[in-house]
Amino acid sequence: MKNIETYIENNKDRFVSELFSLLKIPSVSADSTFSDKVKDCAQAVCQQLQAIGVDEAQVYSTPGHPIVFGQKMIDPKLPTLLVYGHYDVQPADPLELWDTDPFEPTIKITDIHPDGAIFARGSADDKGQFFMHIKAFEAMEKTGELPCNFKFLIEGEEEVGSIHLEEFIKSHKEMLSNDLIVISDTEMIAQDQPTICTGLRGLSYLEVEVTGPDLDLHSGVYGGAVPNPINILSKMIASLHQSDGKVSVKGFYDGVLEESTQSRAQLNAVPFSLEEFKNSIGIADIVGEEGYTTIERTGIRPTLDVNGIWGGYTGEGAKTVIPSKAFAKISMRLVPGQDPDKITQKFVEHFQSIAPPSVKVKCTPHHGGWPYVLPEDHFGYRAAKIALKEGFGKEALPLRGGGSIPIVALFEKVFLTKTVLLGFGLNSDVIHSPNENFGLRNFFKGIQTLPIFYRVFSELKMGKM
Ligand code: BES
Ligand code: MN
Ligand code: MN
């Protein structure tokens with residue numbers, strides 16, 4: 001591994017400038033005005049793969065944003081690792097809250113990152129993280145130490161629910177076949193504390209529309225005598241949580257797998273400070289389901305949140321109006337035992353049932369996804385544990401990720417192989433928020449540790465360890 005380390009050390013500056021070239025492309029998947037940029041980014045990723053000696057790297061177009069795939073098959077007798085990542089990013093707005101241009105990557109020293117952090121949309125989620133794999137591969141390839149076959153699948157629609165990836169993996173099953181999948185798109189519990197993300201939550205996302213009168217009305221002439229859809233929607237939303245923090249959607253908890261006392265103790269044993277958590281986001285107090293810790297609430301428990309709400313007059317000044325309609329976007333994070341389609345259906349039934357007869361309610365489901373868990377006796381988990389220990393000189397801890405990567409559960413269904421979530425980000429990276437950033441220390445630690453993981457994976461798979 002000495003040669004690999006030296007290679008990385010000698011090429012650090014180039015690695016950073018190559019990542020910058022990807023971060024400069026505003027590949028915002030949710031906003032169609034950026035479609036050309038998303039395409040440009042797919043091309044750029046493909047060129048990066050070709051440049052490091054990945055064969056057959058190609059951009060595959062879909063009815064949505066393109067998918068990049070490339071592979072290096074060195075020996076059919078060796079195990080095959082599939083690296084998945086996403087080159088699309090979340091919208092950068094609100095732009096005025098960024099200290100620097102989100103698509104003009106800037107290195108700044110911070111309290112958390114005395115060695116500097118890269119500030120840019122996508123720096124941690126996920127360009128900076130999948131790029132660590134590209135450079136780790138390069139370092140092994142250039143030093144003649146590739147231990148296994150590699151496949152790279154980098155998509156452009158993760159942030160909008162991976163809508164076209166499902167069809168792609170089903171129709172390219174053979175091409176994508178693998179022994180294990182690895183993704184760097186999650187977080188470590190603390191700086192320099194190696195972490196294996198042992199699960200992801202599923203998702204059910206809906207939009208609701210509540211209609212009162214047929215048209216907007218004068219609030220003096222009609223107010224107090226007709227249903228105001230905003231008043232009513234607010235009340236309906238408020239009723240979705242009970243006073244103990246539980247979600248009141250009928251049947252929401254049916255089938256939810258309760259974690260064992262031992263597994264809960266293990267999850268809660270990670271270094272986590274509630275004070276730091278509160279301070280880092282400026283809240284005076286936490287909220288949540290009674291009987292569970294913050295780590296549990298964001299990892300092993302299902303939740304419901306309103307992601308957006310609008311209706312009526314929101315322009316300058318005042319307008320006295322009873323609106324005809326009110327809207328909200330509502331999402332639920334799901335855990336093992338919950339079926340996203342069934343939860344969506346239960347939500348719709350519940351929401352219709354709590355609506356007063358004075359209004360009409362329409363629910364439109366958006367995307368969803370299944371939860372995922374990696375058991376600790378799986379060889380992929382063991383490979384990660386051994387590699388992280390060697391790379392960090394410290395025992396890795398398991399952590400359940402609160403976010404979702406919907407394709408992971410589908411990978412398992414289609415390929416029957418598991419995914420190891422080996423993320424190098426931190427909570428303070430503020431992914432999806434203004435001033436998203438990724439520590440240079442984290443970036444290089446990833447590039448240094450992933451080759452160890454590739455080697456251990458290959459050895460474990462071949463039964464040599
Ligand atoms: N990388 C995140 C998911 C994530 C973040 C998992 C932190 C675990 C810890 C991913 O890019 C993401 O944002 N996913 C979306 C999925 C949705 C758009 C379908 C999410 O979780 O909201
Ligand atoms: Mn991501
Ligand atoms: Mn994301």
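Analyst: Start with metal donors: they are N, O and S atoms within 2.8 Å of the metal (3.2 Å for Na, K and Ca), and since water is not among the atoms, sites may look incomplete. Along the chain, the donors of the manganese ion (ligand 3) follow the spacing D-x33-E-x272-H. The pair E159 and H432 links distant parts of the chain, 273 residues apart. This is a predicted model: local features need pLDDT of at least 70, side-chain atom pairs count only at pLDDT 80 or more, and totals for chains, interfaces and linings use all residues. Residues are numbered from 1 along each chain as its sequence is written, chains are lettered from A and ligands numbered from 1 in the order in which they are written, and side-chain values use heavy atoms, without hydrogens and water.

User: How do you know which residues coordinate the manganese ion (ligand 3)?

Analyst: By distance. D125 (OD), E159 (OE), E159 (OE) and H432 (NE2) coordinate the ion at 2.1 to 2.5 Å, and the cut-off is 2.8 Å.

User: What makes the arrangement around the manganese ion (ligand 3) irregular?

Analyst: Its angles. Four donors count as tetrahedral if all angles lie between 85 and 135 degrees; four count as square planar and six as octahedral if opposite donors are over 155 degrees apart and all others between 65 and 115; anything else is irregular. Here six donor atoms subtend angles of 55 to 157°, so the arrangement is irregular.

User: What is the site of the manganese ion (ligand 2) called, and on which angles?

Analyst: Irregular, with angles of 57 to 166° among six donor atoms. H86 (NE2), D125 (OD), D185 (OD) and D185 (OD) coordinate this ion at 2.0 to 2.4 Å. The manganese ions (ligand 2) and (ligand 3) are 3.6 Å apart, and D125 coordinates both.

User: Why does D125 count as buried?

Analyst: Buried means under 20% relative accessible area, exposed over 50%, partly exposed in between (1.4 Å probe, protein chains only). D125 has 5% relative accessibility, so D125 counts as buried. D185 at 12% is buried too, and so is E159 at 15%.

User: Why is H432 called partly exposed?

Analyst: Its relative accessible area is 38%, so H432 is partly exposed.

User: What makes helix α11 largely enclosed by the rest of the structure?

Analyst: Helices (H or I, at least four residues) and strands (E, at least two) are DSSP runs, numbered from the N terminus. Helix α11 spans residues 407-415, and seven of its nine residues are buried, so the helix is largely enclosed. Among the buried ones are I407, L410 and F411. Just after α11, L416 takes a positive phi of about 60°.
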